[in-house]
Every structure is written in structure tokens, then in C-alpha cells.
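Hi,

Here is the structure I promised to pass on. Have a look at it first, then read my notes below.

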There are 2 protein chains.
Amino acid sequence: MTQIDLSTPKLGRKRDHSRDADILDAALEVLAETGYDGMTIDMVAARAKAGKATLYRRWPSKAELVIDAVACMKKGAYSLEDLPDTGTLRGDLVALIKPHSIVDAEKKMKVMAGLISMLSRQPDLADAANAAIIEPRASVNRVLMQRAIDRGEISPESDIEALALISPSMASYRTLILKKPVDREFLISLIDGVIMPAVGLRARAS
Amino acid sequence: MTQIDLSTPKLGRKRDHSRDADILDAALEVLAETGYDGMTIDMVAARAKAGKATLYRRWPSKAELVIDAVACMKKGAYSLEDLPDTGTLRGDLVALIKPHSIVDAEKKMKVMAGLISMLSRQPDLADAANAAIIEPRASVNRVLMQRAIDRGEISPESDIEALALISPSMASYRTLILKKPVDREFLISLIDGVIMPAVGLRARAS
DNA sequence: TATATACGGTACTGAGCAGTTTCGGAACTT
DNA sequence: AAGTTCCGAAACTGCTCAGTACCGTATATA
């Protein structure tokens, strides 16, 4: 998005943009492991098996590289089309809990942890992080709950906006601050102990 | 807690420990404004109108100073004795929302934001931060909900443990990631849109 | 083939900062 | 008063790191 591209590269060797993804992935890894301030350009270059100069040929600064890396995380999120549709809200919510999605969410949360300190200094990064990490999950919850309203399973008065944010925010709190794992058990207890009661359903309603 | 104090200071000028609080407060301010990595000892010393050497005479390192500063935040928290007792759960929860407590919580959250990146490197800091910032509020919620169960207002099956964490975690999510204010309106909507429905009460109850 | 550009690698520059030292003065003990 | 320790201020040391410059090599155009 914020790549360097100042005019007329006609002659000579062309930039190998297929490496961009490797570099951005390496940046995300280092970001998750050390945080923004602990992350160095040399670490990222080494991880991507690239030269430091190569990174600076493509991004003007460390900050821009990180912003691009975070924005790129957005890909691979849930597509709103192929969501589970089990017929019940609880069934849908539980169906979202898959080993793959747990690991993916954990990775994203570690990236988020590394970004927090930057968010107040770079407001656009806050937007990018929210759009890439939190919003996709909240959005899925909103859709599933709206479906439940449409089919008459839960009250249309339910505060979808607030309820959709519960699992992302509880998960981020648990990862960022408590440093405890967000596992299947925790997510189920959230569904049965908070979400289901809040929409007026009992847990056993499959 | 981790202060320097190696033996036998008998003669000469005595260390003025009344300044400790000023220095720790200054550290918290800088921490909230710039985050751990952006914070420098010189900033803290200047803010506290103290010499840098004075800080190093009292704490062995920047990390120890911060740990002490965070631990000191714990004071000033709610005492579990003088909690509101309005007779209804909603009344109690709403009574907790006072201008003072909002400002106080906001300040603490900004400190937390500055600490996040450190928490994985310093596990004891994670405990201190949780004990000083999150736990006091969660603890209050637990007590109020337990009272509601005891007086038969809500079901004893309510998942107090999870519900007590909702407002702290939603507030931290909102501050740390969304960068939106945690104001009275938001807290009320949390009570009426999530907590009350989840314990089986309607919002208008008191 | 000649020219131009990207590549990985390494060395360099300049700034910022944790932590130390030094100093003149102030405060306490005897 | 003499001796001791603390104080704030400022200079200093050593290291890390963002960003730049340069190298020999690889790959593209003409």
C-alpha cells in the first residue's frame, strides 16, 4: 500500500515482488515475538533471508513496513459467505471453534500485543490492526446473531453490537494481559456462560 | 518492594523517602504517555524534579522502577467494605460509575497500554499489572453479583467469574485497541445490553 | 555485448538512551 | 565545627539500532 515506486523503472533487473510476502510474513513473526520496539530491521531481513537494503528499497521506514504487514494479515480472514449454518446460534458459534482458527487467532493476538504501544502514536495503524485482527471476528459474530434474530431464535432487542465484541475482547484481554491460553474450553464457557444467557437461551439448546 | 537498601546508613544526610511517591507517580505519568520503551529515566527524573542519579540510588534499573510504580498503583483501589448497596444489582453496578472512577480507570488503562509489550518479557510485571489494574474492578463486580445471588435476585447458576470480567475486559479492549473513550454511556450500555440480560434481568429493573 | 537496475552482504554514520561518574552544595550526626 | 551521606545537575561511556553507502553478483533491456 505504502510501497516505494518512484517512476520509470524500464531497464535493468526487475524487482521481485514475489518476495514481498515473505518479507511481510517475517515482519509479522518478529513483531509477534519481540514487539514493535524490540523488532529490528536486521531481524526481519535475516528471517526473510534478504538484505537490509532490499527492505529499504521497498518500504521507506520501519513504521511503513509494519503497517503494510499488518494490513496484509487481513487476507485469510473468514469470508462472510461460507459461515457455518447449523440452524441454532449456539451450534454456529461452536462450529467457529476449530483448531485452525484458534491457532490463527493466537498468532494475530501476539501481533496485536506487539503493536499496542504503537497504536497511540500511529492512529492509522490502530485502524489497520483493528480491521485485520478484531473486526473480522466481530463481524462473523454479528452475522450469526442477526441470522438468529431473523429466524426468531432470539429476541430482536438483543444488543448485537455489544455481544459480538464479547469474544474478541475477552480473548484479547486473556491473551494480552492475563497471558492465559484462549482454548476451546474457554471459548465454550464464554458462549454458555455469557452469550447464550444474554440472548435468553439456555446452554443445552444445542 | 525491590528498593536498594544495602546495610548501615548511620551518619550523614538521610534519604528522603517522601520523594519516592513523587518519583513513582512521575514514572506512571511518563509510562502512560509514552509506553515502557519510549520512556526514559531522564524523563522521569525531570518530571519528578529529581536527578537521574537519585533514581538509580533507589532502584537498580528502569525495569525495577516500573514494577514498583505499577505495584504502588494498587493503593487507592476500592475497599471491598464501602461498596454501594442499593438493593438491586443494576443499581449497584450503576452506582460504581462515578466521574472519579472513570478518570481513574482511564489513567490506569493508559498505563496498561504502555506495559503490554513488557508483559511477556517480565511475567511478574504481568501479575503486578493485573493485580493493580484489572483485578480490583473484577473483584468488586464479583462481590456485587454474589450479593445479588444471596438475596435471590439472580440465578445462582450465573457464571459470576466470566461476567465479572466483562466490564474490565471490554473497557481495556476499547481503550487499548479501539482508542475510544470508556464513558458513562458505554458502561451503561454494557450493563443493560450484556450483564443484565445475561443474569436474566431486564434493564428497567430499578 | 553494453548498460541499467535489483539482489544479498557488510561496513558505516548519527542519534538516542541505560547506566556511571563527578561535582558543588545541602542536611544530618557527633 | 568536622565528618558523612544525600541531593540535583551535567558530563561521560558503551551499546543498540534506523537508515545509508558501497561492494560484487545476478538479471533484465536494447
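A helix here is a DSSP run of H or I with at least four residues, and a strand is a run of E with at least two, both numbered from the N terminus. Keep in mind that this is a predicted model, where local features need pLDDT of at least 70, side-chain atom pairs count only at pLDDT 80 or more, and totals for chains, interfaces and linings use all residues. Residues are numbered from 1 along each chain as its sequence is written, chains are lettered from A and ligands numbered from 1 in the order in which they are written, and side-chain values use heavy atoms, leaving out hydrogens and water.

Helix 3 (52–58) of chain A and helix 3 (52–58) of chain B each supply at least two.

Phosphate oxygens of DNA strand C also have polar contacts (N or O pairs within 3.5 Å):
- a polar side-chain atom of R19(A), at 3.0 Å
- a side-chain N or O atom of Y56(B), at 3.1 Å
- a backbone N or O atom of K62(B), at 3.0 Å

Cheers

How values were computed
Polar contact = N/O pair within 3.5 Å; in protein donor to acceptor, adjacent residues only side chain to side chain.
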